Amino acid sequence: MAVASGRLRAPAFAAPTSRFRGRGAQVAGLLALLIVGYLLWKNEWSWPASLTWEELPRKLDDAQEWLLEQRTEGSNPFFAVLDGFRAFADWLVTALLNALEWLTWVGTFAAGTLIVLRFGGWRAALVVFGAFASFALLGLWEESIQTLALMMAAVSISLLIGVPIGVIAGRNERFYRAITPILDAMQIVPAFAYLMPVVIIFSVGPAAAVICTLIYAIPPAVRITALGIRGVTAESVEASQALGATPWQTLFKVQLPLARRQLLLALNQTIMFALSLVVIAGLIGGKGLGDVVTSGLYSNPALAVLAGLAIVIMAIALDRGTAAIADRTDPTRRQLTDEGRKRARNITLGVIGLIALIVLVARALGADAIYPDEFETASTVYDSNIQPTVLGWINDALEYIQDPSTFIFSITDAVGNFILERMLQPVQNLLMDTPWFVVLGCLTAIAYVLSGLRPAVTAFLMLAIIGIIGVWEPAMDTASQVLVATAIAVVIGIAVGIWAAESPRVEKVLRPILDTLQTLPQLVYIIPFIYLMPVSLVPGVVASVLYAIPVVIRLVTAGIRSVPPAPVEAAQAFGASRRQVLAKVKVPLARDSIMLGVNQGIIMVLSVVVIGGLVGSGALGDQVARGLQRNEFGQGVVASLAILALGIALDRVTQGRRPAREGTSRGPLFGGLARRRRQVVQPGGGAV
Amino acid sequence: LKTHRKLWAVLMALTLALFVAACGEEKSDSGDESASAGGKDCGKVVLNEQAWAGSTANTYIAKNVLEDKLGCEVEITKITEIPAFQAMADGKTDAVLEDWQHVDQYKQYIDKAGTVVQGGPLGVEGHIGWFIPKYLMDEHPEFKTWEGLKGKEDIFKTPESGDQGMFLGGDPSYVQKDKELIKALGLNFKFVTAGAEPAQVARWSQAYKQKQPIIFYWYTPQYLNQEYDLAEVKLPPRTDANKDCKDDAKEGGDPEQYKCEYDVTIINKLFSKKFADSGSPAYDMLKKMKLTNEDQELVAKAIAGDKQDPDEAAADWVKDNADKVDAWLQ
């Protein structure tokens, strides 16, 4: 450490001024220092063994073994409680699946569509109908229903746990601050790291899949609920207290009803997060679409892509369905008379009756014995779907893009090699071969210049931890890939974001594309790229760019849009051209938003690191993947911790000075994770 | 307002009734199934299929025989390798037919806890090594052994490997020691990982189609061996005479002494203890089941290469190999 502090020359720089340009020069200076360090002592100083805690992975392995022994003996009362939970989760998933199957496919189809039609309107109902129809047409009905049941169970348990915690957090600032780091860790530590302990405790099957999903889906539920409760104005709360309401009454009659929109958003986001773990659930007996993706990946990539598409379709249907229902049933929006209320109730009853009727008729006709994509007679089974045809198309496409003699190949090959040789390798060399103390010092100093003292201290500590747990080199490798991917995502994202802000038509076209990119399981959209650019490192980078770009685009668009009209009009009055207005007024004024885009981009890219390990990115992602699959549990956990630490460090370096901009004062790290996706662009949602 | 309350009560009751009905249905359903399975005492067998095509092949062969010859009801789970041990320990899966020697888990689950039992070798032998395309071997016959590679590494140069030759590593989840091997043999290769197997295959098959030189980690049995013409580079033999072969890291191996080929991997069948003790005829059959590398590759190619339905591909093989199958049923 002594050496490191000698290098910590950050305070020697002039205290940061409010002017961005000054800071830019300082950062450039620090980067130059990094390069000087690289040139002077290339490869001479790697992280010293004396500063490494080498036993850590083995200790973690021992802990896992101990867990297994405890579980096998079965005498520990702790496991009895967990067993109870397992039985409950298993039962819940099975019961939901049975209920869906009891409804028969006709009934499920009708129930889904009609309920959304009644509460969400015909547009959303059409989406839901289309989704069900495509599950059947793609020949994935059974798998989709299994995934749906798993989702329903996981989401309801997530809300059952997440909403009460969120309510407490919304009412108690100190509690919220205490749990924020835990929520951050739950979201950034890759599921691969804790898969095996979860399996040891909860065995394989629906329960384990639900648990893994819970870990990922509870944080957004907590965060958005807390945000909603805080959003209730102090006046409303005080008024109810003045009228003599007890705290419980205040909560149930004032705070919760007023936070309704946010609570429904919590539901929506919990569903989206839960769906993104479906593929992981497939690895531990979660069945359904995730299963098809993981097993298809090795023997039938086209099928994996198809199942991935089905997951996206399900995500879009659930998203549109819940959003529409939330919107349509908002009591502040529809002022109903008693008469109207009665009519609405009758319609509801009618819909339920109709569903019941359809179910009964379908069962009477024997629809419960079949799936829509498969008919069975006494002797043969008929497939009534277009799966083989679609698989054929996907296969042709995959074949085409990996054929070296095509036109596409000459482009992708060149682009892939360019990214590798001109971007990845230089940054990699710089971060990995420069003496560790120079890297540590420079990154800390950059954090100080850009974000201030406290973030700099945190960044320093996190980087030190990475070194101490013995993964400095792979972590720097990962960091270089993350930086390159973020740089590409930011450049493209800012350009497209500005374009979308200027043209509503572009934004309209972009929206479904961005939605798809964010919900498509990462494992799935890496498949085309391993064929398209099979140069190791590159597919991982491209996939991270695609995953991060929607957030960047949305933040930039929202930022430019929210520039107040006065300065724009003033500039126009002075005769500024459109381009000048953009470059001299709008972009500078939206700078905070753009910086937030950079910051969020990094976080998104980091969450793809593990998947990158599966397609040749190596480094930390590779170690995490091996942790599960080659039984190097301890090493996998260490690498996951390093990903978390790296995430915090890079977040601090780039978070910028955001003085109390987040009125809700949540922890800066990944406060943004909760505002991924939609609410990123919600004006006035308090999120941006 | 009161009428509304009543209406809601009716609705609630209706929902509850539907739910109860659904649960009741479940029981009668499962009752039907076990009765219609019609096996004397076989009942339900749960096999675990792994992600690769070879495992699909042997799992579906077993499924076909169990269903058609013994009247069992077969369910297939797809749990990834290490968690599959816990699945067997908990009786959620009865059998894993293709296990590539997970020695640590053998210690934990078989020796210590006794919840999983050895089912003997499947007959398929896993062989790992360094492979190059046949056209390259024809051009450079000296690549038949590793010594031939020495000094010619730059033939394998790519943008990723700089001025060294590129060695393409295997799936991170597979057994491998290539980094150490390259170092111990003093070859000027840069070890590059392509990630999971599909990514690695995409990488070398593209080079293959362009007739470019490439050297990579590969193994048999593997259905792609029927599709691509590959040749193996011989590594130093694994004999008692080779004193430089100490490559078991768990037993204090020395990376300087990894100078030998990979050990042949005997592929094991594993059973859940509960299943082994159940006296099911399915257990006897699975215990006797044996396949050769060729058998497995043939069926795997039909499934993964020719996209045949796994059930059909397995049925075809069982029909063509009645004598083998009969021996399992003795």
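Start by selecting A:Arg177 and A:Glu173: both sit in helix H8 (residues 173-188) of chain A, 4 residues apart, which is about one turn of the helix. Helices here are DSSP runs of H or I with at least four residues, strands are runs of E with at least two, and both are numbered from the N terminus. The spacing matters because an α-helix has 3.6 residues a turn, so residues three or four places apart point the same way. Show the side chains and you will find a salt bridge between A:Arg177 and A:Glu173, with the closest N and O atoms 3.5 Å apart.

Before moving on, a word on the model. It is a predicted one, where local features need pLDDT of at least 70 and side-chain atom pairs count only at pLDDT 80 or more, while totals for chains, interfaces and linings use all residues. Residues are numbered from 1 along each chain as its sequence is written, chains are lettered from A and ligands numbered from 1 in the order in which they are written, and side-chain values use heavy atoms, with hydrogens and water left out.

Next, pick A:Asp319 and A:Arg320. They form a salt bridge whose closest N and O atoms are 3.8 Å apart. A:Asp319 is buried at 7% relative accessibility, and A:Arg320 is partly exposed at 25%.

Now jump to chain B and select B:Lys63 with B:Asp311, a salt bridge with its closest N and O atoms 3.0 Å apart. B:Lys63 belongs to helix H2 of chain B and B:Asp311 to helix H11 (residues 310-320) of chain B, so this pair ties together parts 248 residues apart in sequence. B:Lys63 counts as buried at 12% relative accessibility, and B:Asp311 as partly exposed at 33%. How many salt bridges does a search of the whole structure find over all chains? The total is 22.

**Where the chains meet**

Color by chain and look at the boundary. Here 59 residues of chain A are in contact with 56 residues of chain B, contact meaning heavy atoms within 4.5 Å. The area buried between chain A and chain B is about 5,200 Å², with carbon and sulfur atoms giving 60% of that. (Buried area is the accessible area, with a 1.4 Å probe, that two parts lose on being put together, summed over both.) Which residues of chain A lose the most area to chain B? Select A:Trp102, A:Tyr298 and A:Arg630, which together make up 13% of what that side buries.

For charged pairs, the count between chain A and chain B is 4 salt bridges. One of them joins the side chains of A:Glu65 and B:Lys112, at 3.1 Å from N to O. The side of chain A that touches chain B draws its largest share, 7 residues, from H4(A).

So highlight helix H4 (residues 77-102) of chain A next. Its 26 residues reach 37 Å from first C-alpha to last, close to the 38 Å expected at 1.5 Å a residue; the expected span is 1.5 Å times one less than the number of residues. Just after H4(A), check the backbone of A:Thr104, where phi is positive at about 65°.

**Cysteines and a buried threonine**

Go back to chain B for B:Cys42 and B:Cys72, which form a disulfide with their sulfur atoms 1.9 Å apart. (A disulfide is a pair of cysteine sulfur atoms within 2.5 Å.) B:Cys42 lies in the loop between helix H1 (2-37) and strand S1 (44-48) of chain B, and B:Cys72 in the loop between helix H2 (53-70) and strand S2 (73-77) of chain B, so the pair ties together parts 30 residues apart in sequence. The torsion about the S-S bond of B:Cys42 and B:Cys72 is about 100°, so the disulfide is right-handed. Both B:Cys42 and B:Cys72 are buried. A search of the whole structure finds 1 disulfide over all chains.

Last stop: A:Thr250, in helix H12 (residues 247-258) of chain A. Buried or exposed? A:Thr250 is buried, at 3% relative accessible area. Leaving out residues up to four places away in sequence, A:Thr250 touches A:Val237, A:Ser240, A:Gln241, A:Ala245 and A:Gln255.

Conventions. Buried means under 20% relative accessible area, exposed over 50%, partly exposed in between (1.4 Å probe, protein chains only).
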